[in-house]
Amino acid sequence: DAQKRWDMLKQAFEAKESLAAVVKSRSTEGFFVDIGLDAFLPEKGVLLSGLNTENLIGSTLQVVISSINQQKGRLNVVLFHPPSERPAQIEAWHEAWQELLKRFCANEKVGGLVLAVGPRDCAVEVLGLKFIIAKGEFQPSEGESLPNLVGKVLDFSIVEIDPNEHAVSLTRRCEDLVFWKKLSGAMNAKETISATIQCVVK
């Protein structure tokens with residue numbers, strides 16, 4: 001019954017066990033999957049794995065439970081990745097971040113391999129690191145044919161980088177890059193800026 005399924009899933013959650021999940025449907029934020037009970041799988045993790053998000057309905061994925069709330073009947077899962085603690089991989093990860101910081105400080109572009117494209121976001125691999133980029137950060141002409149860019153390497157400008165949070169903002173829109181650099185400079189200098197009201201949301 002339902003209570004037994006919850007108890008089994010709680011045990012799997014505590015043990016961080018991988019589970020088979022059948023993809024049932026999708027939303028703008030991700031996918032609903034069946035792991036004995038319905039659970040939610042965020043799309044960003046799927047994109048970072050390089051999976052084709054257009055053909056997942058009906059397929060089976062290996063997942064782990066990331067959060068569980070029986071009172072609200074909510075289960076969230078993420079894709080399962082076998083743990084790896086090999087020193088060589090950890091060292092390569094640190095070296096990639098150092099190189100990314102170096103390119104950012106030198107205002108140099110970086111090459112990014114387009115891994116996957118979703119309804120709103122894309123997954124890109126830069127120096128072996130994987131990031132999510134909003135579709136709006138591509139050039140307008142590319143936005144119409146983004147699925148055709150999967151597997152290609154494009155040049156990206158680094159707008160912002162935070163190695164502590166492992167976060168990077170990338171763009172291919174040159175006009176946006178100039179704007180954000182000006183805005184960042186104004187913020188750091190605590191300057192006031194002018195703004196025009198475009199609309200009022202009620």
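**A walk from Glu142 to the cores**

Start by selecting Glu142: at 9% relative accessibility it counts as buried (under 20% relative accessible area; exposed is over 50%, partly exposed in between, with a 1.4 Å probe and protein chains only). Before you click on, note that this is a predicted model, where local features need pLDDT of at least 70, side-chain atom pairs count only at pLDDT 80 or more, and totals for chains, interfaces and linings use all residues. Numbering runs from 1 along each chain as its sequence is written, and side-chain values use heavy atoms, with hydrogens and water left out.

Glu142 sits in helix α4 (residues 140–143); helices (H or I, at least four residues) and strands (E, at least two) are DSSP runs, numbered from the N terminus. Now show Arg172: its side chain makes a polar contact with the side chain of Glu142 at 2.6 Å (a pair of N or O atoms within 3.5 Å, one able to donate a hydrogen and the other to accept it; residues adjacent in sequence count only if both atoms are side-chain atoms).

Next, hop to His94 in helix α3 (residues 87–105). His94 is partly exposed, at 46% relative accessible area.

Finally, select Leu100, Phe131, Phe138, Phe156, Val168 and Leu170, which touch the most other members of the 21-residue largest nonpolar core (buried Ala, Val, Leu, Ile, Met, Phe, Trp, Tyr and Cys joined through side-chain atoms within 4.5 Å). Strand β9 (153–162) is among the elements that each supply at least two of its residues, and β9 gives the largest share, four.
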